[in-house]
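These are my notes from an afternoon of looking things up in one structure. I wrote down each item as I came to it.

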Amino acid sequence: MGRLKEVLTNSIKGISIAGFRFPMTIVSLLAAASIIFRLIAINGTLPLMLQKLIFTFVVGAVLGMAVQFAVERFHKFSERRILIYGVAVLLLAGYFLILLPAPEISAEITVRSLVAVFALICMVLWVPPYESEVDFNLVALVHFKSVFTSLLYSGVLSAGIAAIIGTVDILLFNVDQDTYAYAMTVIWVLFAPVYYLSLLPRFNGKSEADQSMMEHASSYPKFLDILVSKIAIPLISAYTLVLIAYFLKIVFTRTWPSGQVGPMVLVYSIAGLLIFILSSLLENRFALFYRKVFPKILIPVVIMQLISVGIRLNSYGVTESRYYVALFGVFSIIAGVLLSFNSVSKNGRIALLAAAFAIISIIPPVDAFTVSRHSQINRIESILEKEGMLIDGKIIKKEDASEYTKIETTSILYYLERSSSLKYIDWLPEDFKIYHDMKPTFGFEPTYPAYTGGDQRYIYVSLDGQQPLPVSGYDVLLNAFIGRYMNEKEMVDRDFEFDGKTYGLKVDRISNDEVRVSILDSSGVELVGTGLNEFAQGLVGETTVTKEALSPNEMSFDVIENGYKLKIIFQNISYTSGSGTDSGMDYGFYVLFATPK
């Protein structure tokens, strides 16, 4: 009990000290929490202005940490503490002013902000040991331990608070469901980061108290020693052997890797560098062997990754993800060289290098988004010019364009639309929207590749839900769906009334491909009916592409029998070819019915 009291006392004391030590960070966290509280209260979508403020305060929290460590490290800064914090506030205000005119929080804004935060985190790690007696590896260890401890305590606290709230709700009185959200916000937005800050010592402090806290915080836990030496290093070594075997396979088969190896090597590099830094304070044979071998192995493995990325870039151009994979590959090679020839005491250069690469990737004109945009625009222009659809900066409609042109044009335009980059294409109509303007501009609908495997094709055809449905001349509109795996209880048969008479809609699955739709009178006699497969096969044809946003006219057909009219408008058709048990068609459709006039 005494030990628990001591832990709680030290925790509260540490949190209060952190509040005074990191004022900009604490204020940003409080502001972010208040906005989240408002979101919980209104129980709706967060307004755009509040989204921008959330981004600003997140950046401000990390910027506040970097500024505080700079003030503690450099004596000249400490003497001008207020001025330094004033400059940081101005920088943050500048960031907010950049966000202010943005019409939305786009993917570009999100990525740029996250990369800026990553660069600031690198500076948080690099500043304290810069030209000081403090070891970078110790600083990294302290942050790693503090993050882990804070997450552990916050996780336990979350589980406990949730259990208490749930028990009160069940046994005593009803608790507002928002109570959970408020509690989790307090724990994860306020308690977790503030407790993490409270565990960080003054790395450059000279007082006895600072030195004592630094010594305690930088002790290497036994469990972490075992985790790194006996578990992580053997696992990363085994993974390395797999990659080397794959590399040898490439050498012998002369078949270069494509896209799949990039993400695997990316994860390998990140994990390997993290383990390298954590093992730099250990002197057992596992750690020594790993530090000696890993940097040298990393270089050829990453070269293999860059070849893979190069193949993708040559085929499909630059995108943000490929840009960052390639950039991290270059960073990994440089890091491998530095770690191979420098002592572990120089590991701080890796953090500085990472920050530099991160900043380069968000500064135009060499940033990820500008480079990707130019690459994809050049690529679509090249494709359209070869197809004869782009001449002297003007689009020429071509309904019978090749499937490759249709698929690639759709894919590139969709990518540029997601990144808000269509406005940079001069030859596109103003306010161009793929689903509405594709056919009027290019002569064909948006076209997507179909997944094929073995002797099977997987095709999906769908209706453009934005266009009005033609219902003139019909009395009743019904909605239906029938899939290959539906049982009898799930079938869509139903009765309906019109003009005082009762009719029945009957949908029969004849085979995996064929479905018959009928309208019956009150005695069960068919008045009008039709099969769906013949028309559906005409839509699917021999194509290997997915078709979306087709017009109602393209997706419908009519049947007339004895004066009764039946119109089928397909919402979607899912088709699997081949002779397997999963082959066949699923149909979603509207049924329009009219009686004789």
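**Entry 1: a loop residue.** Before starting I noted the cut-off: a residue is exposed when its relative accessible area is over 50%, and buried when that area is under 20%. The model I am reading is a predicted one. I looked up N562 and found it in the loop between β12 (556-561) and β13 (564-576). Is N562 buried or exposed? Its relative accessibility is 71%, so N562 counts as exposed. I also checked its distance to P596, which is 34 residues away along the chain. The C-alpha atoms of N562 and P596 are 7.9 Å apart.

**Entry 2: a helix residue.** Next I looked up G86, which sits in helix α5 (residues 81-99). I found a relative accessibility of 29% for G86, so this residue counts as partly exposed. For a distance I took I425, which is 339 residues from G86 along the chain. Their C-alpha atoms are separated by 41 Å.

**Entry 3: α3 and α6.** I turned to pairs of helices. Two packed helices are described by the angle between their axes and by the distance between the axes. For helix α3 (residues 48-73) and helix α6 (residues 107-126), the axes come within 9 Å and cross at roughly 15°. Angles under 35 degrees count as roughly parallel, and α3 is therefore roughly parallel to α6. The crossing of these two helices is left-handed.

I then listed the residues that make the contact. From α3 they are F55, V59, V62, L63, M65, A66 and F69. From α6 they are I109, T110, S113, V117, L120, I121 and V124. Sorted by class, the contact of α3 with α6 has twelve nonpolar residues, two polar ones and no charged ones.

On the α10 side, the contact is made by S229, K230, I233, I236, T240, L243, I244, Y246, F247 and I250. On the α12 side, F286, A287, Y290, I297, V301 and M304 take part. I sorted the residues of this contact by class and got 13 nonpolar, two polar and one charged.

**Entry 4: a sheet of four strands.** I went on to an open sheet, in which four strands are ordered β7-β8-β9-β10 with antiparallel pairing. Which strands stand at the edges? They are β7 (494-498) and β10 (526-531). Each has a single partner strand, so one side of each is left without a neighbour in the sheet. Neighbouring strands here are turned by 20° against each other on average, direction ignored.

**Entry 5: the pairs, one by one.** I followed the sheet in its strand order.

- β7 and β8 pair in the antiparallel sense over five bridges. I found F496 bridged to Y503 in β8. These two strands form a hairpin with two residues between them, and D499 in the turn has a positive phi of about 55°.
- β8 (residues 501-509) and β9 (residues 515-520) run antiparallel and are joined by six bridges. I noted that L505 stands opposite I519, V507 has V517 as its bridge partner, and D508 stands opposite R516.
- I found V517 opposite T530 in β10. The hairpin of β9 and β10 has five residues between the strands, and G524 takes a positive phi near 90° there.

**Entry 6: back to β9.** Last, I checked how much of β9 is covered. Five of its six residues are buried, so β9 is largely enclosed by the rest of the structure.

Definitions and conventions. Residues are numbered from 1 along each chain as its sequence is written. This is a predicted model: local features need pLDDT of at least 70, side-chain atom pairs count only at pLDDT 80 or more; totals for chains, interfaces and linings use all residues. Side-chain values use heavy atoms; hydrogens and water are left out. Contact means heavy atoms within 4.5 Å. Ala, Val, Leu, Ile, Met, Phe, Trp, Tyr, Cys and Pro count as nonpolar, Asp, Glu, Lys and Arg as charged, and the others, Gly among them, as polar. Two strands pair if DSSP finds at least two bridges between them. Axes are lines fitted to C-alpha atoms, for helices over the stretch in contact, and angles run from 0 to 180 degrees between N-to-C directions. Buried means under 20% relative accessible area, exposed over 50%, partly exposed in between (1.4 Å probe, protein chains only). Angles under 35 degrees count as roughly parallel, over 145 as roughly antiparallel, 65 to 115 as roughly perpendicular and the rest as oblique. A crossing is left-handed if the near helix is turned anticlockwise from the far one by less than a right angle, and right-handed if clockwise.
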